Amino acid sequence: MAFSKDPNQTYIYVANGVNEKINVLLRSSMEIVTSFGDGGRLPGEFFGCHNIAVDSKGNLYVAETYQGARVQRFLYKGVGPVERDQGCRGRSTKAT
């Protein structure tokens, strides 16, 4: 898990290797605000998501184990309204 980089560390990012998603929790209540990702090998999908980290700019990094064997970076673009589940299937998702 990793904390958001805002001064209050409002959010917690949790790698959910079972469901192959990243859950974003509101730290004060531990409520899942949103989640993103699906199982798979395309950008934004995960195969064994395991480690997670946030850099000083708020960008999120997710490392995968097993045959995934990669790191994906998700660029921080600010806080705004999102869907509860932002699964990737059938959508265009960019990860670098």
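Start by selecting N16, which touches K21, N23 and C49, leaving out residues up to four places away in sequence. Contact here means heavy atoms within 4.5 Å. What you have open is a predicted model, in which local features need pLDDT of at least 70 and side-chain atom pairs count only at pLDDT 80 or more, while totals for chains, interfaces and linings use all residues. Residues are numbered from 1 along each chain as its sequence is written, and side-chain values use heavy atoms, with hydrogens and water left out.

**Stop 1: stay with N16**

N16 is found in strand β2, residues 11-16. Strands (E, at least two residues) and helices (H or I, at least four) are DSSP runs, numbered from the N terminus. Is N16 buried or exposed? N16 is buried, with a relative accessible area of 17%. The cut-offs are under 20% relative accessible area for buried, over 50% for exposed, and partly exposed in between, using a 1.4 Å probe and protein chains only.

Now show the side chain of N16: this side chain reaches the backbone nitrogen of N19 at 3.0 Å. A polar contact is a pair of N or O atoms within 3.5 Å; within protein, one must be able to donate a hydrogen and the other to accept it, and residues adjacent in sequence count only if both atoms are side-chain atoms.

**Stop 2: zoom out to the whole chain**

Switch to a cartoon view. The protein has zero helices and eight strands, so the pattern along the sequence reads β-β-β-β-β-β-β-β. Buried residues make up 35% of the 96 residues. Of the contacts with a separation of 6 or more, 38% are between residues 24 or more positions apart.

**Stop 3: the five-stranded sheet**

Select β1, β2, β3, β4 and β8. They form an open sheet in the order β1-β2-β3-β4-β8, with mixed pairing. β1 (2-3) and β8 (85-86) stand at the edges, and each has a single partner strand, so one side of each is left without a neighbour in the sheet. Two strands pair if DSSP finds at least two bridges between them. β1 and β2 pair in the antiparallel sense over two bridges. To see where they meet, select A2, whose bridge partner in β2 is Y13.

**Stop 4: the three-stranded sheet**

Next, select β5, β6 and β7. This open sheet has the order β5-β6-β7, with antiparallel pairing. Here β5 (49-54) and β7 (71-74) are the edge strands; each has a single partner strand, so one side of each lacks a neighbour in the sheet. On average, neighbouring strands of this sheet are turned by 20° against each other, direction ignored. The axes are lines fitted to C-alpha atoms (for helices, over the stretch in contact), and angles run from 0 to 180 degrees between N-to-C directions.

Look at β6 (residues 60-64) and β7, which run antiparallel and are joined by four bridges. Pick Y61, and you will find R73 of β7 standing opposite.

**Stop 5: the nonpolar core**

Select A2, Y13, I22, V24, F36, F46, C49, I52, V54, L60, V62 and F74: these twelve residues make up the largest nonpolar core. Such a core is a set of buried Ala, Val, Leu, Ile, Met, Phe, Trp, Tyr and Cys residues joined through side-chain atoms within 4.5 Å. Which strand gives the most to this core? β5 does, with three residues. At least two residues each come from β3 (21-26), β5 and β6.

While you are here, pick C49. Neighbours within four places aside, C49 is in contact with A15, N16, G17, E20, K21, V62, A63 and E64.

**Stop 6: the salt bridges**

How many salt bridges does the structure hold? There are two, each a side-chain nitrogen of Lys or Arg within 4 Å of a carboxyl oxygen of Asp or Glu.

Select K21 and D38, whose side chains meet in a salt bridge at 3.5 Å, N to O. K21 lies in strand β3 and D38 in the loop between β4 (31-36) and β5, so the pair ties together parts that are 17 residues apart in sequence. Both K21 and D38 are buried.

Then select E64 and R70, which form a salt bridge at 2.5 Å, N to O. E64 lies in strand β6 and counts as buried at 7% relative accessibility, while R70 counts as partly exposed at 24%.

**Last stop: around E64**

Leaving aside neighbours within four places in sequence, E64 is in contact with E45, F46, F47, G48, C49, H50, A69, R70 and Q72.
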